[in-house]
Amino acid sequence: MKILITGGAGYIGSIAAKYLIDSGYEITVADSLERGNEWAVDPRAEFLKGDLLDKKFIGKVFSRSFDGVIHFAGYISTGESIEKPELYYKNNIGSAMNVLEGMASSGSDNLVFSSSAGIYGDAGIMPISENSKCSPPSPYGETKLTVEKILKRQKIKSISLRYFNAAGAMPDTGLGEAHLPETHIIPLAIESAVKGKEFSLFGTDYPTIDGTCVRDYIHVLDLAEAHILALKALRENKIFFPAYNVGTGKGYSNKEIILMVEKISGKKIKIKKQERRKGDAAILVADNALIKKTFGFEPKHSDLKIIVQTAYNWYLKKIG
Ligand SMILES: NC(=O)c1ccc[n+]([C@@H]2O[C@H](COP(=O)([O-])OP(=O)(O)OC[C@H]3O[C@@H](n4cnc5c(N)ncnc54)[C@H](O)[C@@H]3O)[C@@H](O)[C@H]2O)c1
């Protein structure tokens, strides 16, 4: 089965590409490398380098049809999106529109879209179900919600997967998180532990167990599996709902993450308390009952210890 993976040189896309190839899928990766790495593209995949905002590149990618498309490509930083909203509207919505156009013109069907828990905002009631109010606190979240709305009006079959916090790595294969700049707490805390750098803890007065933000961490391998399940459902026309949360249902505070990194690394982290960041909700924890019930999804690698241990091993490998 031929699958196009956009953003397959990025963190989640590169690991998903490897996982799908190992599961017997034939993969084409399309990525500009603007925020990804060529070394992360699986050598068994066909690699097309280009910008999905470029119609000529879209024509090249969709010069043949695909049995399915996973659209990971996009910009991912909440903070950057608050500073430069137009960049996010243009890239995240524009690339999705172009991919849809390419799919229609080439007769491709079955789209899995990388949505995000960033569409919910401070939902109030925890855990957050797919029916919870969507009130994105950032342009990043708005782009995800907008694309979800566009997809609902398309003939092309699609499923949006609303990831909570993707985390963890596959150090044995040389794949893991390598964002530049890095904005995610686990790699940043690991870097602080290893290099003895100060760690900025944003917000210590949230209405949570210890005053710091609470998030739901899902291992990238579990995320990859969720994409296979979604692709199968699309191919078999078993699309019961347009969007599914992908999380574990368990939340960890930022302080708990720091403690786990200290435990795994055996090093104390120097914490610098900072003001809250704009766009950060206090708690984001998934109600994952829908994806479990509909697709039989079960996270297998998302124990926090496994997540931090694999991310730590990957960090040590990356810095040599
Ligand atoms: N990392 C997370 O915790 C998380 C959580 C929720 C949702 N998501 C979503 O998952 C997807 C993947 O996230 P990631 O962490 O792997 O990000 P990433 O930045 O590592 O990868 C994104 C890739 O998309 C490519 N790209 C961006 N715009 C492009 C364009 N116009 N044309 C071609 N390529 C382009 C980049 O070069 C990069 O390789 C994103 O859509 C993100 O919003 C991620």
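Two strands pair if DSSP finds at least two bridges between them. Strands here are DSSP runs of E, at least two residues long, and helices are runs of H or I, at least four, numbered from the N terminus. With that, look at Arg215: Arg215 stands opposite Tyr252 in β12.

A word on the source. This is a predicted model, where local features need pLDDT of at least 70, side-chain atom pairs count only at pLDDT 80 or more, and totals for chains, interfaces and linings use all residues. Residues are numbered from 1 along each chain as its sequence is written, and side-chain values use heavy atoms, with hydrogens and water left out.

Back to the strands. β9, residues 214-215, pairs with β12 in the antiparallel sense, over two bridges. They belong to an open sheet of three strands, in the order β12-β9-β14, with mixed pairing. β12 (252-253) and β14 (283-284) are the edges; each has a single partner strand, so one side of each lacks a neighbour in the sheet.

Next, oxygen atoms of the ligand. A backbone N or O atom of Phe72 lies 2.8 Å from one. For a backbone N or O atom of Gly10, the distance is 3.3 Å. His179 uses a polar side-chain atom, at 3.0 Å. Taken alone, the ligand exposes 830 Å², and the protein buries 97% of that (Shrake-Rupley method, 1.4 Å probe).

Last, the second largest pocket. A pocket is an open set of points on a 1 Å grid over the protein atoms alone, where a 1.4 Å probe fits, with protein on both sides within 12 Å along at least five of seven lines; lining residues have an atom within 4 Å of a point. About 160 Å³ of space lies in this one, a volume being the space filled by probe spheres set on the points. His179 is in the lining, with Tyr315 and Lys318 also among the residues there. α6 (185-195) and α10 (304-319) each give two or more residues. α6 gives the most, four.

Conventions:
A polar contact is a pair of N or O atoms within 3.5 Å; within protein, one must be able to donate a hydrogen and the other to accept it, and residues adjacent in sequence count only if both atoms are side-chain atoms.
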